[in-house]
Amino acid sequence: MLEIAPETIQWETLDFGYIDTGKSFRAYYKDGQWSEGEIEASKHISISEASPVFHYGQACFEGLKAYRTKKGEIQLFRPDQNADRMIASAERLLMAPYPKEAFIKAVHEIVKANAEWVPPYESGATLYIRPFLIGVGDVVGVKPAEEYIFAIFVTPVGPYFKGGLQPFKFLISDFDRAAPNGTGAAKVGGNYAAGNIASKIAKDNGYADAIFLDPATKTKIEEVGAANFFAITKDKQLVTPKSPSILPSITKYSLLEIARERLGMEAIETDVYVTDLAEFSEAGAMGTAAVISPIGSITYGKEIYVFHSETEVGPITRRLYDELVGIQFGDVEAPEGWVQKVEC
């Protein structure tokens, strides 16, 4: 039985949390092939206690959103890119990838089945979509599973960082998120578990989240909590870190293209050294959950670097945000192939 009905939700005050919508998608891999996949009514999954997901971390996941437009339609933002990234993550962990076209079809099916949970236009909320892939079955030795479950649940969510589009302060951590040549570029649970302690320390000290440096030299910015980093130089260039330990953010690559093609900016992936922070006029975190969250300041040891303002959003950050969110909600024309309508 559902504890919450969609008509009772105060959409404008939603947190970034879980609500059981009563419908999930599941597909099963066994004997070398995937089942057709279908909508199931339970949020619970029954698997063996010997499943590799529990003991050897054989799991990966994705995150994307469904958006309600002004016309009341529902659309998705670049789900094909999420499918590609999940395949790459699965292959990194020697898991059976869920096929791309089946992934996209499943996302459409689960959103259609939960259409009443897609928040209204201009509510500030969206329907978060969480596909995941886990290794299951009776495995004790350290080796990949022979059986897998691909599943998707959805939940309506508010902003990841509460307070809307406003600057937040972040703390550079001494902990590493991922090892050199490790799984940093894959969307796997272990990366996030490893970062929890840094995030807790930052939040306990009044910061929005932690920032991780590169694990090899500890001199370069990599990720901002669970998001990618960007900065605007004083000569209006957009820079974002390039590293084999960084998750290839779909939001990041979308913003790089928006900056180049629509704002006429030079936009590059490059090394972003801590020693260069004083040279930036604006900075931010970007990702599916975070969208664009302006960074007001970064604390590194005894140094505090302020970008534009600790209370006001920088002009280029705001333009990037307006263009991206406008595309996602159907208010701004999207580049070809970026938006898919959900037929309800």
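**Helices, salt bridges and backbone angles**

A: Starting with helix 3, the buried residues there are Phe103, Ile104, Ala106, Val107, His108, Ile110, Val111 and Ala113. Bear in mind that this is a predicted model.

Q: How many residues does helix 3 have, and what length does it reach?

A: Helix 3 has 14 residues and spans 20 Å from first to last C-alpha, close to the expected 20 Å at 1.5 Å a residue.

Q: And helix 2, which residues are buried there?

A: Pro79, Asp80, Asn82, Ala83, Arg85, Met86, Ser89 and Ala90 are buried in helix 2. Helix 2 covers residues 79–92 and reaches 20 Å between its end C-alphas, again close to the 20 Å expected.

Q: What follows helix 2?

A: Leu94, with a positive phi near 55°. The backbone oxygen of Leu94 is 3.5 Å from a polar side-chain atom of Gln58.

Q: Where is Gln58, and is it buried or exposed?

A: Gln58 sits in the loop between helix 1 (52–55) and strand 4 (59–61). Gln58 counts as buried because its relative accessibility is 5%, under the 20% limit.

Q: What is Gln58 in contact with, sequence neighbours aside?

A: Leaving out neighbours within four places in sequence, the contacts of Gln58 include Leu93, Leu94, Met95, Leu133, Ile134, Pro144 and Tyr148.

Q: Which other residues have a positive phi?

A: Lys218 has phi near 55° and is not a glycine. Val291, also not a glycine, has a positive phi of about 60°.

Q: Where do Lys218 and Val291 lie?

A: Lys218 is in the loop between strand 10 (209–213) and strand 11 (221–224), and is partly exposed at 27% relative accessibility. Val291 belongs to strand 16 (residues 291–300) and is buried at 17%.

Q: Switching to charges. How many salt bridges are there?

A: The count is twelve. One of them pairs Lys200 with Asp204, with the closest N and O atoms 2.7 Å apart.

Q: How are Lys200 and Asp204 placed in helix 4?

A: They are separated by about one helical turn, because they are four residues apart in helix 4. Lys200 is exposed at 52% relative accessibility, and Asp204 is exposed at 55%.

Q: Buried or exposed, for Lys252?

A: Lys252 is buried, with a relative accessible area of 3%. Glu269 is partly exposed, at 27%.

Q: What does Lys220 pair with?

A: Lys220 forms a salt bridge with Asp271, and the closest N and O atoms are 3.7 Å apart. Lys220 is in the loop between strand 10 and strand 11, and Asp271 in the loop between strand 14 (267–270) and strand 15 (280–287), so the pair ties together parts 51 residues apart in sequence.

Q: Last topic, the surface. Which residues make the nonpolar patch?

A: Phe175, Ile197 and Ile201 make a nonpolar surface patch of about 240 Å². Ile197 lies in helix 4 (residues 189–204) and is partly exposed at 43% relative accessibility.

Terms used. Residues are numbered from 1 along each chain as its sequence is written. This is a predicted model: local features need pLDDT of at least 70, side-chain atom pairs count only at pLDDT 80 or more; totals for chains, interfaces and linings use all residues. Side-chain values use heavy atoms; hydrogens and water are left out. Patches are made of residues with over 30% relative accessible area and no salt bridge: like charges are joined within 9 Å, nonpolar side chains (Val, Leu, Ile, Met, Phe, Trp, Tyr) within 5 Å. Accessible areas come from the Shrake-Rupley method with a 1.4 Å probe; for residues, only the protein chains shown count as cover. A salt bridge is a side-chain nitrogen of Lys or Arg within 4 Å of a carboxyl oxygen of Asp or Glu. Helices (H or I, at least four residues) and strands (E, at least two) are DSSP runs, numbered from the N terminus. Buried means under 20% relative accessible area, exposed over 50%, partly exposed in between (1.4 Å probe, protein chains only). The expected span of a helix is 1.5 Å times one less than its number of residues. A polar contact is a pair of N or O atoms within 3.5 Å; within protein, one must be able to donate a hydrogen and the other to accept it, and residues adjacent in sequence count only if both atoms are side-chain atoms. Contact means heavy atoms within 4.5 Å.
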